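Please read the following dialogue with the sequence and the structure in view. It takes up a few features in turn.

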2 protein chains.
Amino acid sequence: MLALYHFGPVANSLTPLLCLIEKGVDFDDRFLSSRRWEHHTAEFQAISPEGMVPVLVHDDRIVTESTVINEYLEDVFPAMPLRPADPWTRARMRVWTKYVDEFFCPALTVLGAHGATPFVSQIDKDEMQRRLERMPNAEVRKKWAIISERGFDEAELAEARSRLKRVIDKMEAALADNGDWIVGDAYSLADIKLYSMAPGVERILPDICSETASPNVFAWLRRIEARPAVQQMRGKDYAR
Amino acid sequence: MLALYHFGPVANSLTPLLCLIEKGVDFDDRFLSSRRWEHHTAEFQAISPEGMVPVLVHDDRIVTESTVINEYLEDVFPAMPLRPADPWTRARMRVWTKYVDEFFCPALTVLGAHGATPFVSQIDKDEMQRRLERMPNAEVRKKWAIISERGFDEAELAEARSRLKRVIDKMEAALADNGDWIVGDAYSLADIKLYSMAPGVERILPDICSETASPNVFAWLRRIEARPAVQQMRGKDYAR
């Protein structure tokens with residue numbers, strides 16, 4: 001049995017979802033609605049005690065963290081490899097996936113969470129308090145407390161935008177140097193990980209990420225979107 | 001040619017240093033003095049443009065990020081394996097190394113940097129400004145600006161201590177559940193990564209990490225210290 005619990009083809013949930021589709025591995029598709037707080041039910045917390053998504057369940061084994069899940073999928077399903085064979089290219093792939101987890105994702109999360117403020121601020125205060133108390137992960141709880149109480153302030157938003165500019169500049173330079181893909185001569189887990197976040201920057205910050213502002217990243221996004229696995233992923237209604 | 005640039009057997013520099021010694025791989029030992037700011041020389045920045053340490057140089061290839069360096073060493077020198085053979089145990093190893101990078105290390109860095117305030121505050125202001133301007137990494141620059149201007153405030157220090165308590169509690173529970181080592185039935189890269197940070201908690205916060213406060217972590221620290229590779233590492237004067 002192989003099952004993926006996910007929020008659909010966006011951010012950290014996209015990472016293992018696309019990897020599974022690229023590899024053509026059959027899996028049970030377990031969509032959770034974040035708007036209906038389905039990741040905070042007792043049923044799901046039996047699988048993921050901190051309510052963190054995505055989670056892969058493989059027979060009786062639970063694998064967490066999207067970056068780790070994809071390395072696990074490479075270890076268990078080595079056909080259709082998405083991890084470079086050369087150790088040095090593989091190391092650079094890992095530097096990129098780490099960079100997304102530690103720098104790209106936190107910056108984009110600030111803007112994404114800020115965008116959720118109008119929705120979250122409509123939730124009844126007592127109900128929001130009960131939801132906060134049910135959130136088992138302290139950092140997630142803190143983020144939602146900020147969003148529901150005040151939203152991020154202008155300095156925090158400016159810092160996030162500045163970081164995202166640096167991310168896109170770094171990708172732009174890497175693609176100018178390396179060619180079609182972010183490391184080596186083939187599409188890899190580094191491209192998938194970056195693609196889990198980059199469309200969000202293109203949508204929210206077109207002054208930073210667009211055909212004119214970042215032509216290499218723009219062309220790279222279109223190359224990824226043209227992949228059959230990505231079209232298959234985009235063609236499915238996960239929020240059914 | 002295999003060379004490791006490092007700050008000695010502490011924090012992120014310890015991670016690849018101990019891995020190399022455990023594997024018995026010969027390497028050029030390139031100690032850099034952080035107090036003499038040797039990682040901000042033009043010579044070193046030709047190798048590591050952002051002045052980040054540790055760095056592994058293998059023939060003409062440069063590998064950065066201690067966690068990635070250790071995975072690279074496993075890929076290139078598979079003898080004396082420190083990465084579990086079982087994919088699921090390997091995934092749990094990676095969740096731990098990721099946790100150290102994203103949660104444990106940042107929290108310990110706040111207290112470590114705070115401890116450096118008396119030393120840093122003695123540096124002439126103009127000289128400190130010149131040093132800040134030479135720091136190519138924005139996050140590192142920001143950290144040193146905080147230390148040299150005001151130090152961290154009590155709320156920041158309390159938050160860091162609270163996080164470190166959660167780290168030690170988590171390690172304590174994992175060791176109670178798993179036995180001698182943090183994952184699987186053998187010492188692995190997860191133990192090395194945690195050992196790069198845990199002695200700092202034992203030294204700075206004995207109320208959190210000690211024989212009485214965290215007996216499993218205490219016994220695990222002593223098990224690691226008894227390893228020949230660790231004794232070899234501790235027996236050498238890196239700050240020569």
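This is a predicted model: local features need pLDDT of at least 70, side-chain atom pairs count only at pLDDT 80 or more; totals for chains, interfaces and linings use all residues.

**Reading the fold and the chain contacts**

Q: How is the placement of a helix on strands read, and what does helix H1 (residues 11-23) of chain B lie across?
A: Helices (H or I, at least four residues) and strands (E, at least two) are DSSP runs, numbered from the N terminus. Two residues are in contact if their C-beta atoms, placed from the backbone, lie within 7 Å. Axes are lines fitted to C-alpha atoms, for helices over the stretch in contact, and angles run from 0 to 180 degrees between N-to-C directions. Here, H1 of chain B lies across strand E1 (2-6) and E3 of chain B, at about 150° to E1(B). Helix H3 (residues 66-76) of chain B packs on the sheet as well, touching E3 and E4 of chain B, and its direction makes about 125° with that of E4(B).

Q: How is a sheet described, and what is the strand order in chain B?
A: Two strands pair if DSSP finds at least two bridges between them. In chain B, an open sheet of four strands has the order E2-E1-E3-E4, with mixed pairing. Strands E2 (28-31) and E4 (61-64) of chain B each have a single partner strand, so one side of each lacks a neighbour in the sheet. From one strand to the next, the twist averages 20°.

Q: In which sense do E3(B) and E4(B) pair?
A: Strand E3 (residues 55-58) of chain B pairs with E4(B) in the antiparallel sense, over four bridges. Within E4(B), B:Val63 is the residue opposite B:Leu56.

Q: How many residues of chain A touch chain B, and which element gives the most?
A: Contact involves 19 residues of chain A and 19 residues of chain B. Strand E4 (61-64), helix H3 (66-76) and helix H4 (87-120) of chain A give two or more residues each to that side of chain A. H4(A) gives the most, with nine residues.

Q: What is the overall secondary structure of chain A?
A: Chain A has 11 helices and four strands. Along its principal axes, the C-alpha trace of chain A spans about 55 × 45 × 30 Å.

Methods
Residues are numbered from 1 along each chain as its sequence is written. Chains are lettered from A and ligands numbered from 1 in the order in which they are written.
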